[in-house]
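Have the side chains ready to display as you read.

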Amino acid sequence: MSTINKVPASAGAEWLLGGFALLRRAPVALGTLAILWGLASTVLMALAGATGMTVLLYAAQFLLILAGPLFFGAMIWAAREVDQGRPAQPGHLLQPIRDGHGPALLATLLPQVIASFALGLLLLVMIGPDQLKHLGDVWVQMQTVAAEGGQPDPSLVKDLPAGRLLLWLLLVAITFVVIKWMTFIAAPQILFTGTDAISAMRNSLRACVHNWTAMLVFYLLAGIAIFAITFGSLLLVAILQLVAGPVIAVLLWQLVLLAVLTPVLAGAMYTAWRQMMTPAGAPASPTASTTTHIEV
């Protein structure tokens, strides 16, 4: 059993600052883990693409999707190691598998799979197969016109069921938020308390709903930080292009972004878990200790 703590809206900023603080304590070690993952992903996709077989390319993409929760779980584990004064090591990339938490982390993908299927079926029901085919044709035509530098004809979309499409897009947005909140602090629970995947996702959703103001602040500041880092790093791309060429420059730029953003987000989620969730028998975090809480 765990306790869901009520935290102030400013906690959302503390989570992000906590992620940056952990990265500052071990920038090389944490950045190396992210770069190793990025290089492994790049090599896998390059090998699959070199075969010229579309099936292998899709298989490689599928494997990377499956490996995503395992990698991010490893980054959260490494963040805790740094927080507790221990070094982050490349071997931590396999820590979730060694501890037997791999299946539970993979299970956090289930909401995305179920939601994708359900939303696709809902779109088919809401607008019908004929309108769905028409929508696909319109999309292809608009893409073709845009690629040629022209302006799409507004008459292309006049027969589309705009109201139903907007309603469906609203449902997609709501579903996206629910899924993100279900998995926001699910991984730390699985890794550090042995909670099963279903309970961890349920606790994560309840914690995020209970602290929705902090979540809004976190997403707002995280979006600003990601935009600023990405935009600022474009200067690096311009310089690298002059030295190493565009392909190498873009690859290095992506690796640098991965080395910065991934540890920060992993550290932020670890910090959020410490504040919003208190394992039974453990003291609450300093922020949470002065707030109210509910039992789950």
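## A buried partner

Glu81 has a relative accessible area of 9%, which means that it is buried (buried is under 20% relative accessible area, exposed over 50%, and partly exposed in between, with a 1.4 Å probe and protein chains only). Its side chain meets that of Arg86 in a salt bridge, at 2.9 Å from N to O. Here a salt bridge is a side-chain nitrogen of Lys or Arg within 4 Å of a carboxyl oxygen of Asp or Glu. Arg86 is partly exposed, at 35%.

## The network around Asp83

How many salt bridges does the structure hold? There are 3. Arg25, Asp83 and Arg274 are linked in a network.

Arg25 pairs with Asp83, with the closest N and O atoms 3.8 Å apart. Because Arg25 sits in helix α1 (residues 11-25) and Asp83 in helix α3 (residues 54-83), this bridge ties together parts that are 58 residues apart in sequence. Helices are DSSP runs of H or I with at least four residues, numbered from the N terminus.

Asp83 also meets Arg274, at 3.0 Å from N to O. That pair links distant parts of the chain, as Arg274 belongs to helix α11 (residues 246-276) and lies 191 residues from Asp83. Both partners count as partly exposed: Asp83 at 24% relative accessibility and Arg274 at 37%.

## About the model

This is a predicted model, in which local features need pLDDT of at least 70 and side-chain atom pairs count only at pLDDT 80 or more, while totals for chains, interfaces and linings use all residues. Residues are numbered from 1 along each chain as its sequence is written, and side-chain values use heavy atoms, leaving out hydrogens and water.

Methods:
Helix = DSSP H or I, 4+ residues; strand = E, 2+ residues; numbered from the N terminus.
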